[in-house]
Amino acid sequence: MLTKKLVTAGVAAAIAAGAIGVAQAEEGQFIPALTYRTGPFAPGGIPTANGYVDYFHLINERDGGVNGVKFIVEECEYGYKTDRGVECYDRLKDKHGGATAVSPYSTGTTYALIDKATADKIPILSMGYGRTSAADGRVFPYVFNFPATYWSQATAVIQYIANEMGGLEALKGQRFAFIFLDHPYGKEPIPTFDILAEKFGFTYDKYPVPFATGTEQKSVWLQIRRTKPAYIIMWGWGVMNATAVKEAANIKFDMSKFIGNWWSASEQDVLPAGDGAIGYKGATFNGAGTGYKIFEDMEGMSGLSDDGDRGTVLYNRGMVNAAYVVEAVRLAQEKYGKGKRVTGEQVRWAFENLDLNAEDIEGLGLTGLMPTTKVTCLNHEGTNPAILIQQWNGKAWEIITDWIPAMTDVVRPLIEQDAAQYAKDNNITPRTCS
Amino acid sequence: METLYLIFIDPFVQMVVEPAFLVEVLIGGLTSGVMYSLVALGFVLIFKASGIFNFAQGIFVLFAALNFVGLMDLGVHPILAFVITIGIMTALAFVVDRLVLRPLVNQDPIILFMATIGIAFFLEGFGETLWGGDVRPVRVGIPDEALFWEAGFGEILVQSADLFAGVIAAFLVTTLALFFHFTPVGRALRAVADDHQAALSVGIPLNNIWVIVWAVAGFVALAAGIMWGAKLGVQFALSTIALKALPVLILGGFTSIPGAIIGGLIVGAGEKVFENYWGVPLLEGATEDWFAYIVAMIFLFFRPQGLFGEKIIERV
């Protein structure tokens, strides 16, 4: 009898504890973190995931969350594989009362999630990746790609090259090389380069690098040695980048004429090549290093990831991504109720009305780490897309330019054209942004 | 018409007009082929001795290199790290024999093959848990410089690391050939490969032989891992690259060490020539991912045992 009572009491206690656990969990703001800490793309995936997760931890520990609402972060490993990324999304989207926002860190997965997330009313923040034409908020209300898209980045890189060569007119007759991961991500800027090539009179050779390994590049570099391009632009990810930088150094290519996009210019991409990587350049939209106020708050804090990659380009980018989500939650709370958990739909509204000026960013301790950002219903890319160019000096990345604005006069019509086509193909009636 | 020109005329015109580029492509291909051969050697060793197609051999390459470079990163001297890694690979061979092969003795080859797939998944996860997922450069003094050779018809680029890999591969093949022909253990291995039951009947201990051959395959994997790692850094893509050994084996034959070498050279040179002269102009490149598998498939139609493999004769 006593045993039966003890068992009953135990079961009741367990159920009660479980119920409290659920209740507490549902009070939190749930962040599904789609990460890839394993496989060929882990070198980029690990620091990005660490920065992303650590920032939420910092907000929970330092500020007690946003107005008392703490973040609950749950990771799902998907190895940068689109099908597994979608599976992770499905597995996590309804947990802890529903996802706040999702950042897949993969253009392929972002493409695959656009329809699903829109139906689920969960905003996607594909920060500097994903479908470029999602910048048209009339057609893609749940997808955001601020602070700049791939197409904007492509135009800004060409603008930088033009600046170096003495103006846009100097591009005429030049031959460039474009090395890219043979994947939706790598192919994304090609339509823009085609238009720029026609507009400014340059040519460029396309060199896809097989996705399976990212390291089969021997032929690419033999071709480059043969064609002697004036500049090389790279859209790489994972181990592809380090291999390319090493191969470029091996053929004695002038590294100052080799420019990676913002996913091809982190410490992991240059360190394996040693001194050969000195001079390599890359685009970026966030600062590197730990010389920012926010890192002082992280000193000595327990529960953060190993500090080995803190301050690296990708770690800091993960933090910036999380900071956008946190600020969107804060804005959503201001509209829908302070101290209350907000829904994905409400966070979507907040993303669309996000306006972070220099003063706001200073208040967050992120000056120099993240760009000012203003998003609108019409423009999910943000109103001032631009890039910085950084250069590897053998020890650290140095920012060597001021903000280089994108050629929005070229990019925006392309975005609207592609979005309109998507709307037509998918029977979507674009909403009105007034 | 233009397509026909690009297929049948233009590549050969380019080869004649720019012989230096053709030589570079061939050298690049042959040196890549040597690296594939290094991996394929491990497959052949195990298949010859036990009839098992060890799907985990690619992961062996990665696992061995990870341990080697991981130990070095902990401050262990490279030579000591090399010795310890050989010890780890031997221990792994012992564990594989005891936990996987022995319980499955007399099972169909497909069951053993499936078991090696399991080993591959386990080792991939275990290696990543132990040493993390970052790219780790291998700095053991392997020369990694571009050598420019002024031939009469143009300047030719050769990577010193590639030449070094060729020397290592030649050394390994010679050593293994001597080992198989002139040592008692080598002869026992060949006897087991020829006929398990006959080998047992003359007193060759089958289990010990299996441990030895898996350990030798582990050693070859370490050599391949270090060479690949010196070129590309030790990274998880190595296990995928190592699968390129499959078409190499189909070409060369699963039971022939010279076949593994020649198959590797054919695949390496073939895929680079195809990519540069046909792949880029006609198919927008990135053909190296699949070219070798297509060649292997065509080979399977006409010579399923490979160039040097033993012809399979089944009598009714």
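**Chain contact and domain contact in a predicted model**

The C-alpha centres of domain 1 and domain 2 of chain B lie 21 Å apart, with the domain bounds coming from an automatic or database domain assignment. This is a predicted model, in which local features need pLDDT of at least 70 and side-chain atom pairs count only at pLDDT 80 or more, whereas totals for chains, interfaces and linings use all residues. Residues are numbered from 1 along each chain as its sequence is written, and chains are lettered from A in the order in which they are written.

**Domains of chain B**

- The assignment for chain B gives domain 1 as 48-243 and domain 2 as 244-316.
- Six residues of domain 2 of chain B are in contact with seven residues of domain 1 of chain B, where contact requires that the C-beta atoms of two residues, placed from the backbone, lie within 7 Å.
- On the side of domain 1 of chain B that touches domain 2 of chain B, helix H7 (160-182) and helix H11 (237-242) of chain B each supply at least two residues; helices (H or I, at least four residues) and strands (E, at least two) are DSSP runs, numbered from the N terminus.
- H7(B) provides the largest share of that side, three residues.
- That side of domain 1 of chain B comprises six nonpolar residues, one charged and no polar, with Ala, Val, Leu, Ile, Met, Phe, Trp, Tyr, Cys and Pro counted as nonpolar, Asp, Glu, Lys and Arg as charged, and the others, Gly among them, as polar.

**Contact between chains A and B**

- Chain A brings 32 residues to the contact and chain B brings 29 residues.
- Helix H2 (42-63), strand S6 (203-209), helix H8 (218-227) and helix H9 (239-250) of chain A are the elements giving two or more residues to the side of chain A that touches chain B.
- H8(A) gives the most to that side, with six residues.
- The side of chain A that touches chain B divides into 14 nonpolar, 10 polar and eight charged residues.
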